[in-house]
Amino acid sequence: MFGKMHETFALLNAAFETKPSQPILVWGMDGCGKSRGIEAFIQTMKNDDGTPVKYWFLNGNSMEQTDIAGLFARGDDGEWSRVPVLRAIKEAMEENAQGRQFVFVMEEFTTMLKPVMAPCLSFISEKIVGDERLDENLIHIVALANPPEIAVNPTNLAPPVATRFLHIHWEMDFAFWSKNMMEGKWFPGTQEAAADVISFLHSKGTPEAAGFANHSGFAQDPSREFMNKPRGNPRTWSNLIKMDTVMRLSSVSIQVREKAFRGHVGEALGREFGAWVRMQMEGLSVVDALQNPDAVNLPTRADKQFAFFNGVAARVSGTLDLTEYHNAWSLLGRAPNKDTAALAAQTLSGLLQGNKHLLKNGIPRDALAYASMMSSVSQILSQFQK
């Protein structure tokens with residue numbers, strides 16, 4: 001995986017590999033990317049036959065008691081039994097019959113009603129749904145929950161319930177979020193807007209420093225000052241990026257965009273980001289730079305270099321133009337400090353997967369300068385050098 005998320009994903013993998021599979025309870029603040037991160041992990045999983053592992057998200061606070069426990073029905077043999085009604089369970093049974101894994105993700109786990117919680121616990125402990133038993137080695141269960149102090153009408157887990165799970169504290173790592181946003185894996189086509197947000201947050205401090213998430217506004221703590229108000233966290237920044245992409249395509253004025261910024265991440269942070277966007281609008285043209293990279297005067301400030309290189313990578317991610325791809329590497333090759341272009345380099349190298357036409361003219365010379373910095377870049381480039 002990437003960055004600080006590696007240990008979390010390694011732990012998830014170990015829990016899934018345990019036989020029978022270890023149920024997991026993921027705790028995390030609202031908007032910290034629990035669902036998105038877990039889904040990204042599941043999408044890397046493969047069955048023994050090479051097929052992707054299927055999964056289903058269930059919402060705890062909208063489930064009914066019969067969803068898991070099943071409904072009583074008379075079968076063809078005249079016998080009564082409890083039959084599962086959820087499509088997710090039926091699909092899991094079909095996958096199990098083929099010897100394939102299946103993942104249930106239960107969101108809002110601590111907000112489900114107590115009558116719903118009871119059959120869910122039987123499912124979690126014994127993999128029993130209705131009168132059917134699923135394969136305990138192939139079924140994986142991940143429950144997601146906000147801490148009780150911020151959850152809506154939460155149910156505190158009694159000690160015998162809490163000890164059924166492997167507990168994982170979830171924090172979305174800025175580097176992991178940035179990588180996936182820049183590659184368009186989570187929200188395709190939003191890279192240009194994402195590049196602005198990532199560069200803005202990066203300009204407010206060192207991502208590796210303690211307290212960066214809260215200080216920068218990437219993941220502000222849900223304190224009382226934000227009661228009934230928006231605040232910056234991975235969810236609201238992602239939503240801002242998606243909406244700003246639409247507004248850019250529609251040529252919406254900066255004044256309207258600034259209202260959207262404040263409506264997503266709050267007045268203070270939204271105004272600050274709006275001012276930063278205005279400053280960037282007065283800077284270099286990414287389009288012009290990709291047409292004639294040798295004529296560009298690179299910014300002297302490191303934060304502006306970081307923003308510029310991310311904008312270059314975002315532009316190429318959308319066009320996949322061969323000339324622009326090679327010119328982008330030429331621009332990165334001129335970076336006074338390779339660290340300011342590292343994320344852009346990772347984004348550009350990632351484009352090679354599934355887009356081999358970008359290597360029609362061979363491996364860009366300037367790309368090799370970044371291979372030693374990141375193993376993923378080195379691995380991708382080495383595949384095409386053979």
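These are my notebook entries on a predicted model of one chain.

**Ground rules**

I number residues from 1 along each chain as its sequence is written. Because the model is predicted, local features need pLDDT of at least 70 and side-chain atom pairs count only at pLDDT 80 or more, while totals for chains, interfaces and linings use all residues, and side-chain values use heavy atoms, with hydrogens and water left out.

**Entry 1: the whole chain**

I began with the secondary structure and found 18 helices and 9 strands. Helices (H or I, at least four residues) and strands (E, at least two) are DSSP runs, numbered from the N terminus.

I looked up the extent next: the C-alpha trace spans about 80 × 55 × 40 Å along its principal axes. The accessible surface comes to about 18,700 Å², by the Shrake-Rupley method with a 1.4 Å probe, where for residues only the protein chains shown count as cover. Carbon and sulfur atoms hold 50% of that surface.

Of the 386 residues in the chain, 50% are buried. Buried means under 20% relative accessible area, exposed over 50%, and partly exposed in between (1.4 Å probe, protein chains only).

I then took the contacts (heavy atoms within 4.5 Å). Among those between residues at least 6 apart in sequence, 70% join residues at least 24 apart.

I looked up V197, which sits in helix α8, residues 191-202. V197 has a relative accessible area of 1%, so it is buried. Setting aside neighbours within four places in sequence, I list W177, W237, L240, I241 and F273 as the contacts of V197.

Helix α10 covers residues 234-249, and the axes of α8 and α10 come within 8 Å and cross at roughly 135°. Axes are lines fitted to C-alpha atoms, for helices over the stretch in contact, and angles run from 0 to 180 degrees between N-to-C directions. That angle makes α8 oblique to α10. On the scale I use, angles under 35 degrees count as roughly parallel, over 145 as roughly antiparallel, 65 to 115 as roughly perpendicular and the rest as oblique.

The crossing of α8 past α10 is right-handed. A crossing is left-handed if the near helix is turned anticlockwise from the far one by less than a right angle, and right-handed if clockwise.

Nonpolar covers Ala, Val, Leu, Ile, Met, Phe, Trp, Tyr, Cys and Pro, charged covers Asp, Glu, Lys and Arg, and polar covers the others, Gly among them.

I compared a second pair. Helix α14 (residues 302-319) and helix α15 (residues 322-333) pack at about 165°, with axes 10 Å apart. That makes α14 roughly antiparallel to α15. The crossing of α14 past α15 is left-handed. F308, F309, V312, R315, V316 and T319 of α14 make the contact with E324, Y325, A328, L331 and L332 of α15. I sorted these residues into 8 nonpolar, 1 polar and 2 charged.

L320 lies in the loop between α14 and α15. Phi of L320 is near 50°, a positive value in a residue other than glycine. At a relative accessible area of 26%, L320 is partly exposed.

**Entry 2: α2 and its cover**

Helix α2 (residues 34-42) is mostly covered, with 7 of its 9 residues buried. I noted the buried ones as K34, G37, I38, E39, A40, F41 and I42. Their cover includes α1 (5-17), β1 (24-27), β2 (54-59), β5 (102-107), β8 (139-145) and α7 (174-182).

**Entry 3: backbone details and one exposed site**

I found a cis peptide bond joining K19 and P20, with omega about -10°. P20 is in the loop between α1 and β1.

K127 has a positive phi, near 60°, and is not a glycine. K127 is in the loop between α5 (114-126) and β6 (128-129), and is buried at a relative accessible area of 3%.

Last, I looked up D288 in helix α13, residues 286-291. D288 is exposed, with a relative accessible area of 52%. C-alpha to C-alpha, D288 and A210 are 38 Å apart in space and 78 residues apart in sequence.
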